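Please read the following report alongside the sequence and the model.

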Amino acid sequence: MIIMKNKISLSTKFAALFLLIVGMNAAAYYFMLQNIYLQELKSQAKTVVSNVESFGAWVAQNGRVWVKEGSKESFLTQELYRASCENVDDAGFVHFYSKNPALAQREFSEVVAKSSSPAKFHMTSQNVMNPVNAPDGFESMALAIVTKTGASEYSEFVDGQYRFAQTIYHKASCISCHGDPAKAPEDVIKRYGSERGFGFKEGDVAGVISVSIPAKPLYMRALNFVGVKELALILVPFLIALWFVRSAVVSPIKKLTETAHDVSTGKDTPIDIANIDLNTNNEVHQLTLALHRMRNSTQLAMKKMREARAEADKHRK
């Protein structure tokens, strides 16, 4: 068996151990930061979903939003619209069309998409009434998963974006437009036809609200939190600890090793113990005291050996 000599110094071993500990702590902090970052993104996405649902509920509780044809004016009820309209045709009627909650939310998403807001949203379903609302690749996967598993949400990172989808369910107010096409409002049938977006019941999965938020790589986000001060707080304790190991352990042990070598060869090497308490708990000081006792014992043994040899030589003569 070949025995490899260990030539690595205590200082080097300590430095390696310290770096290992720092690396393990850094990995732990990285995973913690990753979880925090993910929770932050999810919280932002859920806030967007909540705002979209609140807007849809506001429209639904008033039935629909009524819009004058060729105008950007909107009214919550036909009566308010009629009351506010000054220009009517010869028959005393005005021309307007309605926007149900889903249409209002879709147009809201288009406005947000053109805004400076980093978070965008899209409402989609496996059975969309309007082809414009067809799902993309992520949304198709999310719809398949939430439909199969009954999950309330699904998320993943896609092409530098955090994609989040939350399941939405049909309420009673939705069924008037998405239930039996024979009972759907005439303007809905006229606009979208009767082939898509129907056949739902209250409580069925209506689709998902999909949210997209730009997500930088975690290491780039981490650089925003780590600067010169933080690196100094990591490096300075390491240097202090290394200095302590070298001055309080390595250097004294080297001196004691040299002294022990001199004692073993019979040299009368002094060992200073004047400033060491005999009841010390310092391991290096205890080793020094032990070496001092060994030196005295060795010198005494050698003295007796020399005296015995001299006495033996005297008798031979």
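His-292 is buried, with a relative accessible area of 16%, where buried means under 20% relative accessible area, exposed over 50%, and partly exposed in between, computed with a 1.4 Å probe on protein chains only. The place of this histidine is in helix α9; helices (H or I, at least four residues) and strands (E, at least two) are DSSP runs, numbered from the N terminus. Leaving aside neighbours within four places in sequence, His-292 is in contact with Ile-271 and Ile-273, contact meaning heavy atoms within 4.5 Å.

The model is predicted, and local features need pLDDT of at least 70, side-chain atom pairs count only at pLDDT 80 or more, while totals for chains, interfaces and linings use all residues. Residues are numbered from 1 along each chain as its sequence is written, and side-chain values use heavy atoms, with hydrogens and water left out.

From α8, Ala-248, Pro-252, Leu-256, Thr-259, Ala-260 and Val-263 meet residues of α9, namely Val-284, Leu-287, Thr-288, Leu-291, Met-294, Arg-295 and Thr-298. The residues of this contact divide into nine nonpolar, three polar and one charged, with Ala, Val, Leu, Ile, Met, Phe, Trp, Tyr, Cys and Pro counted as nonpolar, Asp, Glu, Lys and Arg as charged, and the others, Gly among them, as polar.

Leu-242, which lies in helix α8, is in contact with Ser-11 and Phe-14 when neighbours within four places in sequence are left aside.

The table collects C-alpha separations for pairs of residues.

| Pair | Separation in sequence | C-alpha to C-alpha |
|---|---|---|
| Leu-242 and Ala-15 | 227 residues | 7.2 Å |
| Tyr-162 and Ala-119 | 43 residues | 9.6 Å |
| Leu-33 and Tyr-219 | 186 residues | 9.9 Å |

Leu-33 is found in helix α1 and is partly exposed, with a relative accessible area of 25%. At 1.5 Å a residue, the 52 residues of α1 should span 76 Å, and the end C-alpha atoms of the helix are 75 Å apart, which agrees; the expected span is 1.5 Å times one less than the number of residues. Buried residues of α1 include Tyr-37, Leu-41, Ala-45, Val-48, Val-49 and Val-52. For helix α3 (residues 101-114), the 14 residues should span 20 Å, and the end C-alpha atoms are 20 Å apart, which agrees. The buried residues of α3 are Leu-103, Ala-104, Gln-105, Arg-106, Ser-109 and Val-112.

Tyr-162 has its place in strand β6 and, at 1% relative accessibility, counts as buried. Beyond four places in sequence, Tyr-162 is in contact with residues including Leu-38, Leu-41, Lys-42, Ala-45, Phe-157, Val-211 and Ile-213. Asp-159, by contrast, is exposed, with a relative accessible area of 77%; this aspartate is found in the loop between β5 (153-158) and β6, and has a positive phi of about 50° although it is not a glycine.

The largest nonpolar core has 19 residues, and those with the most contacts inside it are Phe-121, Ile-209 and Val-211. Such a core is a set of buried Ala, Val, Leu, Ile, Met, Phe, Trp, Tyr and Cys residues joined through side-chain atoms within 4.5 Å. Two or more residues of this core are given by each of α1 (10-61), β4 (120-124), β6 (161-169) and β7 (205-214), and the largest share, six residues, comes from α1. Not counting residues up to four places away in sequence, Ile-209 touches residues including Val-49, Val-52, Phe-121, Met-123, Phe-164 and Ile-168.

Taken as a whole, the protein has a secondary structure of nine helices and seven strands. Of its 317 residues, 28% count as buried, and among contacts between residues at least 6 apart in sequence, 62% join residues at least 24 apart.
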